[in-house]
Amino acid sequence: MIKKIVFFTFAVSFAGVCYGQAAEHPGKEYILKNGYQGPKTCEVCHPGKAKEFIGTVHWTHASKVDNVDNVKPNEVYGMKNRNYTMCNGNDIVNNLKEVPANDKGKTKFSGCNSCHPGDHASDVGSTGPAAEAAIDCLLCHSVKYDFSKRKPMKRNDGVVIIGQDRSVEAAANLGRPSNKTCMTCHEAAGGGVYVKRGFEMTAAADAHAAKKMVCIDCHVVKNHRIPTGFDPNNWAHDGLRLSCVGSCHTEKPHKDAQIDNHSSKIACQTCHIPKTGGATAKDFTVWTKLDNGFYEPSTLKKEVNETTPIYAWYNQTVANRPDFIGPKGSRIDGKSKIYPFKVFQGKAYYNKKTGELLSMDFAPPSSTGDTLAGVASAAKILGIKEYEPVPGWQTIYFSSNHQVAPKKRALSCANCHAPNGILNFKELGYSNEEIKNLTNPELYFQRLLKKQIEEE
Amino acid sequence: MKRVLSGVLVAAFMLVSVVMFSQTAQADEGKIVGTISKLVISADKKSATVVLKDIKSGEDLTVLITDDLTLDKFNDKRIVEGDEIRCKYEKDGGKNSSKMFKKTAGC
C-alpha cells in the first residue's frame, strides 16, 4: 500500500515536470489573439506576479544579511552595493553606460547591472508600476526569445536602456526555464565566460547534467524566490536555502557505511567536486590592453576542471575583512564541516586613511587604462572625499557547489588518507598523533586491495 | 593468462596513445580573437560556418562549429554577427574546426 502511494506521488510529480516541458501553455491562444504588452498581459491570468518578482533578489540585487561579519543588521547587501576584488565595482558605481571612446575611437556599453531583468530605465531595486511593467518575463519564460534584442542602447532622450524581445512569437512560446535561461547571466559573471565560479553544466563535467537535470530541479523556485546556499560570497538571498542533503539526498546516501561515516565532518561537495575552474587572480590596479583598443582587468584564468580547491572548516558564517572574505569555523565548534573552496586573490586600491577597499567605475579604465580615474569616479559617486589609494591584495574563498563529478571521479580513501593526500590535516587542526592514525594505510588497505583485484 | 592479456592490452594501449599523441602533435592548432563578420547555419542545423575577422591583423578566418552548446547560442541569437569571439581551433583536412568559441564580453 505504502509502496503504491509512493509510486503514485512519484508519478504525479514526474507528470508535473513533463507538463512544464511538453504541454502547450494554456495562455497561448489569448496571447496570439491579444498580443503581448509586457507583464500586464501575463497578469490577466497570473495576477500579482510582477509585484512578487520585484521583491526578489533577482530584481533588488540585495537583501539583509545575517551570517557575515562587519555588516549592519538593518542594511541590505548584494551586487547592488557590495565591493570585493572579484568585481571591484557594483551596480551603483559601475552603472551601465557608454564608456568614453578608446584610442581607436570605439565606444561600448558596459556595467554590472546589465545582468538585471529590467530595462535599466527601471533599474536594480526600482519599485512601482513602471518597474512592474519593465520586467522581462520572457527572458526566463520564453523558448523563442531573440537574444539579439536584449542589448544596451541609447533611447532618444539619451537614457541607456536594455532592449527586450516582447514579440508575440516569444510570448506565445513559453517553456520551463532551462540551464541556458539561468546561464544568460550566470555564465559570464566576473568578466567573461566561466570566470567567476568556473563551472560548466555539461554531461561530461556534471553528474546531474548527465541526467538532464537543470538548475531549477535543485533550486526549486517558490513564488520567484530562488533558493541559495551558503557560499561566503553570495550574501543576498530570498530566505530560502538548499543543500545536497534535504529533499534530494540523505546524510547516508552510500551503500557503503565507511563513506557514510564521514558525513558528520565532511561535506558532500568535498568528495564529489574535486575540481572547478575560472579566475584565480585579478589585478584591478593595472589593466591589460586588448587588441580591440579597450582595456580589461588583468586576469589569470583556468578552464573548468583545472583548479584544485582549498579545504577548510565552515560553519556557514563568514569572515569579512578588507583583506579576506571566506569561511569561519573550526574542528571543535560542533557546527563545521570540511568544505571545498576555490581560492581567488584580487589586487585593488585601498584607502590608506581607513584601510577600506575602494571601488572602481570601469568606464574610465576601459577606454584609457587609467585605473585611478576609475577610483576617482567611484569615490565621487559615493561622496568619498578623503582618500589616498594604495594597492593591496584580498583573498576570497568561493564555495565549490556545482560540477559534481561522475561518481568514479569522486575522491576515494587514499586521496585523503595517503600521506600526500589533499587535506592538510595539520592546518585543519588534527594533532600529530591523530595524523599518524589518519594517514595509516590500515584505514583503507584491504578495501582498496579488494577493489583492485576486482578490477584487474 | 590474465597477466599476458593485460600485458598485450597495455602494449596496445601504449601504441594507440602514441599514435593519438603524435596526431594531436601534428594537428595544427590555432587561436584567434575576432569579430564575427558572417555566420551561416547549415540546413540540417548540425553545424555552422563562421567568418572571424582577426582583431589584430584584420584578416578573415573561416571556422566550422559543430558543438551543440554553441550552435544553440547561434539559434537563439545569443551570439550574432558583430560579436567579439575568443576561439581555439584545429586544422583538419583543410577545415578549421572550433574547439572553443566564447564571447569575450562579461559583466
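Let me start with a cluster in chain A: A:Tyr314, A:Phe324, A:Tyr339, A:Phe341 and A:Tyr397 are linked by ring pairs. Rings here are those of Phe, Tyr and Trp (its six-membered ring), and they pair if their centres lie within 6.5 Å; planes under 30 degrees apart are stacked, over 60 edge-to-face, the rest tilted.

Some housekeeping. This is a predicted model, in which local features need pLDDT of at least 70 and side-chain atom pairs pLDDT 80 or more, while totals for chains, interfaces and linings use all residues. Residues are numbered from 1 along each chain as its sequence is written, chains are lettered from A and ligands numbered from 1 in the order in which they are written, and side-chain values use heavy atoms, with hydrogens and water left out.

Back to the rings. Over all chains, the count is 14 aromatic pairs. Take A:Trp287 and A:Phe362. Their ring centres are 5.1 Å apart and their planes stand at 90°, so this pair is edge-to-face. A:Trp287 sits in strand S7 (residues 276–289) of chain A, and A:Phe362 in the loop between strand S12 (337–351) and helix H14 (363–368) of chain A, so the pair ties together parts 75 residues apart in sequence. Helices (H or I, at least four residues) and strands (E, at least two) are DSSP runs, numbered from the N terminus.

Buried or exposed? A:Trp287 counts as buried, at 7% relative accessibility. A:Phe362 counts as buried too, at 14%. The cut-offs: buried is under 20% relative accessible area, exposed over 50%, partly exposed in between (1.4 Å probe, protein chains only).

Now a pair from the cluster. A:Tyr314 and A:Phe341 are edge-to-face, 5.6 Å centre to centre, with 75° between the planes. A:Tyr314 is in strand S9 (residues 310–314) of chain A and A:Phe341 in strand S12 of chain A, 27 residues apart. Both A:Tyr314 and A:Phe341 are buried.

On to the interface. In chain B, 20 residues are in contact (heavy atoms within 4.5 Å) with 24 residues of chain A. About 1700 Å² is buried between the two chains, and carbon and sulfur atoms give 48% of that. Buried area is the accessible area (1.4 Å probe) that two parts lose on being put together, summed over both. B:Arg78, B:Lys102 and B:Cys107 supply 36% of what chain B buries against chain A, more than any other three residues.

How many salt bridges lie between chain B and chain A? Five. The rule: a side-chain nitrogen of Lys or Arg within 4 Å of a carboxyl oxygen of Asp or Glu. One of them joins B:Asp76 to A:Lys180, with the closest N and O atoms 2.8 Å apart.
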